[in-house]
Amino acid sequence: MSEIRFTKDHEYVRIDGDVGTVGISDHAQQQLGDVVFVELPALGAKFDQGAGAAVVESVKAASDVFAPVSGVVVAVNSEVDAEPALINQDALGRGWIMKIKLADPKELETLMNQSDYDAFLTTLA
Amino acid sequence: MSESAILLTPLHRLHVELGARMAPFAGYDMPIHYSSGILAEHLQTRASAGMFDVSHMGQARLDGPDHATTALALERLCPADILGLAPGRQRYTQFLNAEGGVIDDLMVTRPPGADGRLNLVVNASRKAVDFALLEQALPADVRLTRLDEAALIAVQGPAAARVLARLAPESDIAAMPFMSARPIRFAALATQVSRSGYTGEDGFEISLPAGEAEAFARRLLDESEVEPIGLGARDSLRLEAGLCLYGHELDETIDPVEAGLAWSIQKRRRVEGRFPGTARVQRALTEGPARRRVGIRLEGRAPAREGADIVSASGEPVGRVTSGGFGPSVGAPIAMGYVASALTAPGTPLALTVRGKPLAARVAPLPFHPHAYHRG
């Protein structure tokens, strides 16, 4: 079972070797409402941890997706490009946004695991 | 954070009970959407019927000795023909400042059988400004009464007429002409109803006492065709309908002609003037305004939002987006903005700057989605 980590901005990264699959959490998609467009990064784009890497547009507003880890984009999800609503329907699964080859796996220690994230959610208003 | 300062409409408890996502708007805690979400609420309104709490808007009454006195008093502030408004009819107009800029847009209704009375509905965000303007401008024999104890509920969509007819079977409400107004009794409840709205669909706006509003709203929601609709979908509906929102397409620097509202200035007023900003409005009517409000369709799927720069095909800045988002019925991103008049023909290529990049777009005719007003 691959490991998953979460950021305080509600991105997740699911690790498989040195590649992380990145998306937004189910909480985030609920807060956003209906997703109508996703601006995906280019293949090969490099991001530092915390940099804006993608944009998710809902009916009302645009929302940045920050890279949860530093690295290089090795894949983007053409399915969410064609069907942005996948992010609402299956944020943790088919609604993934991009895959990043990790520059520094130690960064994962700065992120929350599933139970820490669940606890974090209960502290939000 | 000062939660105690925020205002609540008479339906606030109902919105919270229904699980609405609430947020402040014009000083009121308002439902942005309910559990269905903005997209579903928008589509529901166009397919069936939606119920909107618009009690935050400013309702008021003018009372004078006779219709002519009250109408002419109002005409000193707005460019519409109010004198010629027949009993039981409603008209859309604007309050203008001395430069011809829009202070607010509003609906004016002449209720049947109440000579000398006019009912006004103004925007929530402008009601303080509007009422101060009226207090200062009205003559001694025309009195302004704010109707702060009145709720306002809109029912919009193709099923609206039959739902309301079911609730008021003796009333013949379904035969009301578009932009007409009359009292309607729903069982024991006396209300004032107009056939108008802000969605482009057939619909009604119902003014009723605040104390009766929650029970009436629950009664409406009991009807299978009706769902509650929040401000998010209210905005996407009016954007698709090509309707102005104060603070976006209208403000004190924009005149009604460049805003595409010359149709609301009836002929007698165009000729006679005697409203604030007559010079600018008459010049714009005769020579054409320098810029105009247009609809814009983006060629891709990324939306552009208000504030985005509009550039011409040759890259010069030519305007700004005043409203933008995704149109659920259109199925594509849409926007409105002002551009130089030379560039307003439908099909004119433009670009909208989003996150620093120019997105290809074209001027599109308004409305983006056809109006379905009752023309029976």
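The questions and answers below concern the fold of two chains in a predicted model.

Residues are numbered from 1 along each chain as its sequence is written, and chains are lettered from A and ligands numbered from 1 in the order in which they are written. In this predicted model local features need pLDDT of at least 70 and side-chain atom pairs count only at pLDDT 80 or more, while totals for chains, interfaces and linings use all residues.

User: What is the radius of gyration of chain A?
Analyst: The radius is taken over C-alpha atoms, and the globule rule is 2.2 Å times the number of residues to the power 0.38. For 125 residues the rule gives 14 Å; chain A is close to that, so it is as compact as a globular protein of that length, with a radius of gyration of 13 Å.

User: How many helices and strands does chain B have?
Analyst: The C-alpha trace of chain B spans about 65 × 50 × 50 Å along its principal axes. By secondary structure, chain B holds 9 helices and 19 strands.

User: What percentage of the residues in chain B is buried?
Analyst: A residue is buried if 20 or more other C-beta atoms, placed from the backbone, lie within 10 Å of its own. Chain B has 376 residues, and the buried share is 50%.

Methods:
Helix = DSSP H or I, 4+ residues; strand = E, 2+ residues; numbered from the N terminus. Buried ≥ 20, exposed ≤ 12 C-beta atoms within 10 Å, placed from the backbone.
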